[in-house]
Amino acid sequence: MKKYLENINKAFESKARLGIMSVLMVEDKVDFNTLKETLQLTDGNLASHLRALEEAEYLRVEKQFVGRKPNTTYHATEAGREAFKSHLDALEQLILNNRQNN
């Protein structure tokens, strides 16, 4: 059991971070409001989870202006993609192991 758990990445344990990375794995880039609406999070909650993933270097932030309005978009980094895939693989192995033992 321990070998399955050692590849679980704490950065993705929260539902919000799991959701953020799931969206970024499918979409090349996503803006703040789209993430907020898709994941049904408050501004502050989403911002704190995005900051944590940025500090882990799992996502990259791009800020620009569209007309006169600021627009912030997020992209998964290669390191973030690899870490997330490893996390999902570990979860899958954990689930398969539990099913085989029941």
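Predicted model: local features only at pLDDT ≥ 70, side-chain atom pairs only at ≥ 80, totals over all residues.
1. **Start with the aromatic rings.** The structure holds two aromatic pairs. In the pair made by F12 and Y58, the ring centres are 5.2 Å apart and the planes meet at 25°, so this pair is stacked. The cut-off behind that word is an angle under 30 degrees between the planes.

2. F12 sits in the loop between helix 1 (2-5) and helix 2 (15-26), while Y58 sits in the loop between helix 4 and strand 2 (59-66), so the pair ties together parts that are 46 residues apart in sequence. Are F12 and Y58 buried or exposed? Both are buried.

3. **Now turn to the pair of F12 and F84.** Here the arrangement is edge-to-face, with 5.1 Å from centre to centre and 85° between the planes. F84 belongs to helix 5 (residues 78-101) and F12 to the loop between helix 1 and helix 2, so this pair ties together parts that are 72 residues apart in sequence.

4. **Put the rings together.** F12, Y58 and F84 form one aromatic cluster. F12 has a relative accessible area of 1%, so it is buried. F84, at 2% relative accessibility, counts as buried because the cut-off is under 20%.

5. **Look next at L53.** This residue is part of helix 4. With a relative accessible area of 1%, L53 is buried. Which residues does L53 touch, leaving aside its neighbours within four places in sequence? They are A11, F12, R17, I20, M21, Y58 and L59. Two names from the aromatic cluster, F12 and Y58, are among them.

6. **Finish with two helices.** At what angle do helix 3 (residues 32-39) and helix 4 (residues 43-55) pack? The angle is about 110°, and their axes are 10 Å apart. That makes helix 3 roughly perpendicular to helix 4, because angles of 65 to 115 degrees fall in that class. The crossing of these two helices is right-handed.

7. **Check who makes that contact.** Helix 3 contributes F32, L35 and K36, and helix 4 contributes D43, L46, A47 and L50. Sorted by class, the contact of helix 3 with helix 4 has five nonpolar residues, two charged ones and no polar ones.

Terms used: Residues numbered from 1 in each chain as written. Heavy atoms only, no water. Axes fitted to C-alpha atoms, helices over the stretch in contact; angles between N-to-C directions. Helix = DSSP H or I, 4+ residues; strand = E, 2+ residues; numbered from the N terminus. Parallel < 35°, antiparallel > 145°, perpendicular 65-115°, else oblique. Left-handed = near helix turned anticlockwise from the far one by under 90°. Contact = heavy atoms within 4.5 Å. Nonpolar A, V, L, I, M, F, W, Y, C, P; charged D, E, K, R; others polar. Buried < 20%, exposed > 50% of the residue type's maximum accessible area, 1.4 Å probe, protein only. Phe/Tyr/Trp six-rings, centres within 6.5 Å; stacked < 30°, edge-to-face > 60°.
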